[in-house]
Amino acid sequence: MSTTAQAVQPLLVSVQRLSKSYGKKLVLDAIDFEMPQASIYVLTGANGAGKSVFLQCLLHYETIDSGRIEIDGRPLSDRLYLRRNTSLISSDQQQFIDLLTPGEYFAFITDIYNIPSSATQRIRDWAEDLNVSKELDTLIANLSFGTKKKIQVLASMLIAPKLLVCDEIYEGLDTDAVAYMQRLFLQRKEQGLGTLLTTHIAGYGQDIAERTFRLANHQIHPADEPELSRGCL
Amino acid sequence: MNLSLFRRLLQIAYDDPQGSILKQAVIHFIIFAITFSLVVAGFRSMGIERVMEIYVWVHFVIHLIFIFFTAAILHSMDKMIGFMSHTPVTAPEVFYKVYAAASFTLSNGVEYALILIIFFSFGAGLWDVLTFIFILEAMRFTRVFLEFVLAWFKTLTNVRLYLSAAFFFGLLAFLISVKQGRFSWEMLDMNMLLQYSVLCLFAIGMITGPYLVNRLLIIQKRSPELYLSLTRRIGRASGASAAAWGLQALYSMQLMRMLRDSAYIGRYVRLCIIVVILTLVNVMFLQQYEETPARTLVDLSYMVCMVSYITYQLDYGLVKHSHLAQFPIRMRHVQGAIDSLHGMLLLMFALLMGLVEILSNPATSSQWMDGLSAFGIFYLLSIGIPVPDSKISSYQKLGLYFQFFFLSLPVKIAFQYNVLNDWYIQLAVLLAAGLLLYVRKYRRLK
């Protein structure tokens, strides 16, 4: 089924007939998905439905069997553009940062993305807001699950990508952090940036999202029906 | 708390309420004591001193096996420490009573009774027998102490790395003494070495054992701040050299991560150990003292690059482990950073080994240049063979290894037969290896 966004805004994400399987196991079957700029979309689905695989394919961390994906009008083959304008927050994507301290990681991000050095003070303020300022010189591998996620959030705030993809973002975060994240996503929308969230717990994030989708039976469906947008899946 | 009550606690801690492990140990030692007394009776002609020496060595092997089983398979000490930390037993009490529980057993009583009967019947002196029994008990005490030490090691991060590094430096020191002719097998009295080691560890255990157990009972995860700061400084200093290309952040961060990655450094230490052992075998058994320093340095470069190729290129996947593809950095730059940093770390080791080599056989500057050129050529050849990103089978690995072998062997032979003596020929071969690397690997990277 095709899920077409309102035509008024230019598309940030365009997925056509995306299929992905591992051996004989089909995970994604000819998926069509579109997401406009300046939007917050939520993708729900049961454990093992294929949400994370979809995100990995979307950001070219996984190869696809067939189909076409464009981010901000550019194909995935334009790797440098893709990496410069997207960011993924996921517990599966933390291997890189484990051997650095948050301070070193932010310094690296600042250099690689050519972010002005004035961002150093901003990151300290944000770290204070998220209650991780005391952890900036600790090896990330030694931090708790939730704190690691907060570090990834801070790095994404620094990069301010056109498309921010968050896989199970609320998992492991405290109530204050969840509220902070909600405000952040709304702020991003006001700035004309897009955010795509996934969750297997319905109700999380849908209150700020324009649209909610459900990944089931290898397909993405709109989840506008009331019984699908609230309660556990 | 008396010993029998402590023993009951130990049985609960080991999750061994029926005492099956202890029963097995008792049976084992009785069988051992009877068998060995028969052996002693049979080898009366060996002399009492020789029998004592053999007896000590047999005990040594049994204790080693015991340590292996308790530390690596049963994890008895970890279980015991975890249990005892919730009981009102003091650290010295735990330390000494664990030893006492191991020592005051029926099997030991039977064994010592047999020793006294047999040795006195062979006419051994009282002082000799008492010293002998003391050595056996010191060995048991040392075993218990080492079990605590191993349990403490497990609480440290990167313990295998520290042990491997210590082993490497020990080997290197041994290699230096062999190279300088200070060592010969005749000099080693293994019996004395064993006895002195046991006595030293016994003394260390007596002093430090209770403190070690105290630390284990209240252990907390250590934060390696010093290592973090050291690697940060090294990374920044090395990254400065790449500033001209705007790649300072990439180089400094990647070096920092390589130095902190126990998987990478562990392989590096393993590589060093393999090369030192190969060199030792070469020096001690293949009699290559007459070799020229140039040839030795070329051989060394070949060995370092070959082991690195097998350890890192075929087995590890340096680029894949860098996780740098998630950043907006050209893969060509990523590959270049990893290849040059890894090469730099290998070169440091090759230079260290070169220094050890020339301790016994000083080399001229041109011989050093030959060694460096050889290193450059072999390294470029080793990184120039494209290895698939996906998991490769042993069969594919063998094929890839032979690729390196067929590319590098002619160069090694050419050095051996002085074909590559002149600097301009070496430069030409180096450029050819660089070109091959570019064509086969870098050209397709974006």
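Chain B has 18 helices and zero strands. The model is predicted. Two topics follow the overall picture of chain B: its contact with chain A, which buries about 2000 Å² between the two chains, and a nonpolar patch on the surface that includes B:Trp127.

**Chain B overall**

- Chain B counts 446 residues, and 46% of them are buried.
- Among the contacts in chain B with a separation of 6 or more, 83% join residues 24 or more positions apart.

- The size of an interface is often given as the accessible area lost when the parts come together.
- For chain B and chain A, that buried area is about 2000 Å², and carbon and sulfur atoms give 65% of it.
- On the side of chain B, the residues that lose the most area to chain A are B:Gln326, B:Phe327 and B:Pro328; together they make up 33% of what that side buries.
- By residue count, 22 residues of chain B and 21 residues of chain A take part in the contact.

**Polar features of the contact**

- Eight residue pairs are in polar contact between chain B and chain A, counting pairs with both residues at pLDDT 80 or more.
- Two salt bridges link chain B and chain A.
- One of the salt bridges joins the side chains of B:Arg232 and A:Glu104, with an N to O distance of 2.5 Å.
- Helix H10 (225-239) and helix H11 (248-260) of chain B are the elements that give two or more residues to the side touching chain A.
- H11(B) contributes the largest share of that side, six residues.

**Nonpolar patch on the surface of chain B**

- B:Leu116, B:Phe120, B:Leu126, B:Trp127 and B:Leu130 form the patch, and their accessible area together is about 540 Å².
- Two helices of chain B, H6 (106-121) and H7 (126-155), each supply at least two residues of the patch.
- The largest share of the patch comes from H7(B), with three residues.
- B:Leu130 lies in helix H7 of chain B.
- B:Leu130 counts as partly exposed because its relative accessibility is 43%, a value between the limits of under 20% for buried and over 50% for exposed.

How values were computed:
Residues are numbered from 1 along each chain as its sequence is written. Chains are lettered from A and ligands numbered from 1 in the order in which they are written. This is a predicted model: local features need pLDDT of at least 70, side-chain atom pairs count only at pLDDT 80 or more; totals for chains, interfaces and linings use all residues. Side-chain values use heavy atoms; hydrogens and water are left out. Patches are made of residues with over 30% relative accessible area and no salt bridge: like charges are joined within 9 Å, nonpolar side chains (Val, Leu, Ile, Met, Phe, Trp, Tyr) within 5 Å. Accessible areas come from the Shrake-Rupley method with a 1.4 Å probe; for residues, only the protein chains shown count as cover. A salt bridge is a side-chain nitrogen of Lys or Arg within 4 Å of a carboxyl oxygen of Asp or Glu. Helices (H or I, at least four residues) and strands (E, at least two) are DSSP runs, numbered from the N terminus. Buried means under 20% relative accessible area, exposed over 50%, partly exposed in between (1.4 Å probe, protein chains only). Contact means heavy atoms within 4.5 Å. Buried area is the accessible area (1.4 Å probe) that two parts lose on being put together, summed over both. A polar contact is a pair of N or O atoms within 3.5 Å; within protein, one must be able to donate a hydrogen and the other to accept it, and residues adjacent in sequence count only if both atoms are side-chain atoms.
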